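Colleague: I would like to go through this model with you and ask what stands behind the words used for it. Please set each value against its definition.

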Amino acid sequence: MSQDNGVLLQLRNVTKEFGGLTAVSDVTFDLPQGQVLGLIGPNGAGKTTLFNCINGVFPVTRGQIIFRGVDMTGWKPYDVVSLGLARTHQIVRPLQELTVLENVVAGSCYGHEQRSLSQAEEIALEVLEFLHLAERRDQLAASLNVAQKKRLEMARALAARPYLLLLDEVLAGLNPTEIAEMVQVVLRIREQGVTILIIEHVMHALMNVSDRVIVLDHGELIAEGLPGEIVNDPKVIEAYLGDPALAEKLMSGG
Amino acid sequence: MSSSKPAPVGKAIDRGGFDLSAFKLGGWKYPAFWLAIGLILIGGFIPVFTGSNSWRETMFLILMAVSLASSLNIILGYTGYVSFGHIVFFGLGGYVGLYLITAHGWSLWTAALMGGLAAGTLALLLGKAILHLRGAYFALATIGVNEAVRTFINNFDLFGGAVGLEINFLVYKDYGGPATMQWLTYWAVFGLTLFIVVLSYGIKFSRFGLGLLSIREDEDAAMVLGVRTPSAKTWAYVLSAIVPGILGVIFFFRNSSIAPQEAFRLHRSIELIVMVMLGGQGTVLGPLVGATTYEALRSFLLTSPLFKDLQLAFAGLLLLLIVLFVPTGIVGWLRSRYRKLWRVLE
Amino acid sequence: MEQLIASLADGLLLGFVYGLAAMGLTLIFGVMDVINLAHGPIIALGMFAMFFISGATGMGLNPYLALVIIAILGLLFGVCIYFIAVHRVLNAPHLSSLLSTFSVNMMIIGVGTAILTTTPRNLVFSIGSISLGPVTLLGTRLVAALIAILVAALLYLFLYRTQPGKAIRAVSNNRAAAELMGIPSTQTLALSFGIGTMLASIAGGLIATFFSFTILAGGVYELKSFVIVVLGGLGNPTGALLGGLILGGLEGIAPVFMPVSWVPVIEFVLFVVILMVRPTGLMGGGR
């Protein structure tokens, strides 16, 4: 699979319409290999929709998505996974009546490496250790608390050993200590060379982990740049004006 | 966590069903498996030890119920799809088999395989057509399919229409006469029961099975994890249809006749669901325990003068009590009650 | 041609009654996402209620007055079923409510068979017939169709013009939001279930005025209701009436072109095909 000048993921004029409503409009950007790209925007800006377009949950209305040099526009989520992409959900979706270990094994053996169960278990145990969930491996996923479920969601995605990881608000709902822990996790994943696209509302954390930030408003890409530049961009500040609480977060993050 | 390493080719072979090492069993291996096999062996040999024909008839019905319920469990318990009209595979298999035996003089065994094949093919086609429906819509569609096939065969002259097909008693001579034929078919059902239980166990602890369980828990999440949900669901449906198809041939051969009303009885279909629920859906032992309990209870109610007329009402009451108070079934309840038995009661 | 028109007219009249039964099924599904598998036996109970209230061996009351009593009994019976078998499983997976309503089905059929046997009964009742040109309409069927239309209209008025009716629509749209607005959802759900079974039992009572029946007779109409509900869109009462007309019309016309026994094959194939390609029904998914 050819790697286009080190660009792992390319979006070309990606548009998603629901009936008459345009949720994502003409979005174009490149994500180079090894980078952590932050995706921010006010509520309802279309961030999660964009994730759903990238990993194939929604078919795009127009535009192209190229991953590892392969045009995967219109692919189903499981086909996208087979190219080496994994994601987490904003609202966690553990397989409730399966154990923590089984959840992560599923992530590993159905990931792009198509592991056998025994290999998948080795990987899963490694990942659970990494995310401090090893001692809970035989518990049912349903019995975990929110922070643990967030880590499980992360573990499941990581166990697929993806080239690209889409993280959708992995910090939301966590307390400051848990946030600090999770940021460490993201940083360590990044050290290992995994490319990350991350949606986050906790600005100071996002600023810490991302190399570059893009901003979505009303489905359109309105700004792109280094974290420091973005928070001072007048267009971005204006976009956030409708949402004072978020604007405050944005500012304090700078 | 570097990602560009390809999977080591030699080791990547999925060891399939019995890859139990993946689920840490500690000191004792396969306890649940041997428990299930042991129960069937004991039950299956009761007629031999007692030498009684009535025991054989009872055990025939129980083993048949166990294998039908275990088959249903693959799509219902593992995959989470409520196949309400599952009996269609039993009926269709029976018809195809009896047609081949009566019209073309096929032997029971090849006809039985064809019955299984016919049922599997129907499931494959249906898988493409109705398995994209979720929840109640799928359940309704399976009822519709059963009724459509029943009313069609009612009009289908090749299969004898409303009258059905009948086996000439002379055919039994090829199987050593009616008495020997009854033992022969008994052992066939016994073998099939062992087969389907081993298969259920194998599926549950395979990569494929983990995919099915993921679909049951959250189909969209499973898709995002990489499970090829359309094909996984279809194969689960096909696997759950084959044994009922084969059993249909054996049952109606033994019965010497088949007619649309008895071949596609929706009630029987729902009884199978009750058996799976009663025992515990999604577990290997559940259908075994559930089917045995249900059949035993039913034969008790049928023979007791007090309950004879009301057996259906009692079965209904039992079902309601299970659904309301023990929705995880006997095995599920024991599992949550006694955590230490978790691995014994799979 | 004349035969075709006569047969079609007859089918359409029956279609209104089928539609009324299906309305009960679809109302319950629309409000609480439950497919009531006790629908058939409830229709059959409606038939027997008619038999005992107005039959020659029963109390001998006028059948159309009897319908009022049947409606009340149907409503109360439905509320009981709701609290016994449905309320506890509303938030459980679909399988639970399918099975719990089916358990009610088994209990009614079981007890019914034991008490009433399966000997066919019929009401000896006739109010003549009307001839319009080549078409002769049986009085009982014409009146049944008119009553079905009247009941459907009353249901519509109830749902759109009264407080409890509006509550039902609110709960059906969004139960959580309705509860926040102070609508007592349990009472509303129980009422909806009761109305659903009421419609089924009225339909049963009407059918009893022109067909013979046993306790098992409801099964056929339950399956017809499924077909109609899918034609009209699950959860859509107006669609159910239309679906009833389509099915009735089909049953009227088809026998002119093919043996009667093929009609159900067409119905069920249609049913599965519509589910496959348009699960929201031909009339769309609206409520």
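Modeller: Start with the chains: two pairs of chains touch, and the pair with the most contacts is B and C. This is a predicted model, in which local features need pLDDT of at least 70, side-chain atom pairs count only at pLDDT 80 or more, and totals for chains, interfaces and linings use all residues. Residues are numbered from 1 along each chain as its sequence is written, and chains are lettered from A and ligands numbered from 1 in the order in which they are written.

Colleague: How do you know that chain A and chain C do not touch?

Modeller: Two residues are in contact if their C-beta atoms, placed from the backbone, lie within 7 Å. Chain A and chain C do not touch, and the nearest C-alpha atoms of the two are 13 Å apart.

Colleague: What makes up the contact between chains B and C?

Modeller: Chain C contributes 33 residues and chain B contributes 35. On the side of chain C, α4 (94–116), α9 (218–232) and α11 each supply at least two residues. The most comes from α4(C), with 15 residues. Helices here are DSSP runs (H or I, at least four residues), as are strands (E, at least two), numbered from the N terminus.

Colleague: Into which classes do the residues on that side of chain C divide?

Modeller: There are 25 nonpolar, seven polar and one charged. Ala, Val, Leu, Ile, Met, Phe, Trp, Tyr, Cys and Pro count as nonpolar, Asp, Glu, Lys and Arg as charged, and the others, Gly among them, as polar.

Colleague: Why is α10(C) called oblique to α11(C)?

Modeller: The axes of α10 (residues 237–257) and α11 (residues 263–277) of chain C come within 10 Å and cross at roughly 140°. Axes are lines fitted to C-alpha atoms, for helices over the stretch in contact, and angles run from 0 to 180 degrees between N-to-C directions. Angles under 35 degrees count as roughly parallel, over 145 as roughly antiparallel, 65 to 115 as roughly perpendicular and the rest as oblique. The angle of roughly 140° therefore makes α10(C) oblique to α11(C). The contact is made by C:L247, C:E251, C:A254 and C:P255 of α10(C) with C:V263, C:I266 and C:E267 of α11(C). Five of these residues are nonpolar, none polar and two charged.

Colleague: What is the hand of the crossing of α10(C) and α11(C)?

Modeller: The crossing is right-handed. A crossing is right-handed if the near helix is turned clockwise from the far one by less than a right angle, and left-handed if anticlockwise.

Colleague: Why are α2(B) and α12(B) called oblique?

Modeller: Helix α2 (residues 53–78) and helix α12 (residues 285–303) of chain B pack at about 140°, with their axes 8 Å apart. They are therefore oblique to each other, and α2(B) passes α12(B) in a right-handed crossing. The contact residues include B:A65 and B:A69 of α2(B) and B:G290 and B:A291 of α12(B). Nine residues of this contact are nonpolar, eight polar and one charged.

Colleague: Which helix does α12(B) cross at roughly 145°?

Modeller: That is α13 (residues 311–325) of chain B, and the axes come within 9 Å. The crossing is right-handed. B:R298, B:L301 and B:L302 of α12(B) meet B:Q311, B:F314 and B:A315 of α13(B).

Colleague: What is known of domains in chain A?

Modeller: The bounds come from an automatic or database domain assignment, which gives domain 1 (1–84 + 163–254) and domain 2 (92–162). The C-alpha centres of the two domains of chain A lie 24 Å apart. In the contact, 14 residues of domain 1 touch twelve residues of domain 2.

Colleague: Where is pLDDT under 50 in chain B?

Modeller: Over residues 1–28. pLDDT is the predictor's confidence in each residue, from 0 to 100. Where pLDDT is low, the predicted coordinates should not be read in detail. Chain B as a whole averages 87, and chain C has a mean of 89.
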